[in-house]
Amino acid sequence: MANITFKGNPVTLLGTEVKVGDKAPEFKVLANDLSEITLKDSAGKVRLISVVPSIDTGVCDAQTRRFNEEAAKLDNVEILTVSVDLPFAQKRWCGANGIDKVTTLSDHRDLSFGEAYGVAIKELRLLARAVFVVNSSDEVTYVEYVSEATNHPNYENAIEAAKSAH
């Protein structure tokens, strides 16, 4: 598993670490209207999956805004932001901040995404910061587990990976 710290303290990640070349694991999360969303719901598209501990904190806010800005420039790429925030909080935050190009998804119910992608933090019941790119054939083409959860991901590498995935 990836070695991750949260505010300098090592944490335990639950689930299975995902690697480039893997078949993207299936998951079940909640949309802002409480409907269930799975990987299959975006079949045939490239997915850039941005994982944040809590959307309403500084780095998570900046990460979601950055990918929202980039989403308008990417053809046939769906950007999903996954956190354990409640769907209502995600919807409120997006509305208050004009976020309309990314789809926010909640993993609060059973950590289905967190365990499938190896980002569920056991000690905090949050998700570790990570970025995954999944191509239209459901193959993982890019993975970044951010080693310190309070740091930013490599936006440029993730965006380039999404642009080059088919």
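This is a predicted model: local features need pLDDT of at least 70, side-chain atom pairs count only at pLDDT 80 or more; totals for chains, interfaces and linings use all residues.
User: On which side of α2, the same or opposite ones, do its buried residues lie, and which residues are they?
Analyst: The directions to these residues span an arc of only 130° around the axis, so they fall on the same side of α2. The face turned away from that buried side carries the exposed residues Phe88, Gly95 and Ala96. The buried residues of the helix, which runs over residues 87–97, are Pro87, Gln90, Trp93 and Cys94.

User: Which elements do the buried residues of α2 pack against?
Analyst: The buried set consists of Pro87, Gln90, Trp93 and Cys94. Their packing partners are β4 (28–30), α1 (58–71), β7 (77–83) and β8 (103–106).

User: How many residues apart in sequence are the parts tied together by the pair of Phe113 and Phe132?
Analyst: A search of the whole structure gives seven aromatic pairs. Phe113 belongs to helix α3 (residues 112–116) and Phe132 to strand β11 (residues 130–134), so the parts tied together are 19 residues apart.

User: Is Phe132 buried or exposed?
Analyst: Buried means under 20% relative accessible area. Phe132 has a relative accessible area of 0%, so Phe132 is buried.

User: What is the geometry of the pair formed by Phe132 and Tyr145?
Analyst: Both Phe132 and Tyr145 are buried. Their centres are 5.5 Å apart and their planes make an angle of 85°. Planes over 60 degrees apart count as edge-to-face, so the geometry of the Phe132 and Tyr145 pair is edge-to-face.

Key
Residues are numbered from 1 along each chain as its sequence is written. Side-chain values use heavy atoms; hydrogens and water are left out. Buried means under 20% relative accessible area, exposed over 50%, partly exposed in between (1.4 Å probe, protein chains only). Helices (H or I, at least four residues) and strands (E, at least two) are DSSP runs, numbered from the N terminus. The arc is that of the directions from the helix axis to the C-beta atoms. Contact means heavy atoms within 4.5 Å. Rings of Phe, Tyr and Trp (its six-membered ring) pair if their centres lie within 6.5 Å; planes under 30 degrees apart count as stacked, over 60 as edge-to-face and the rest as tilted.
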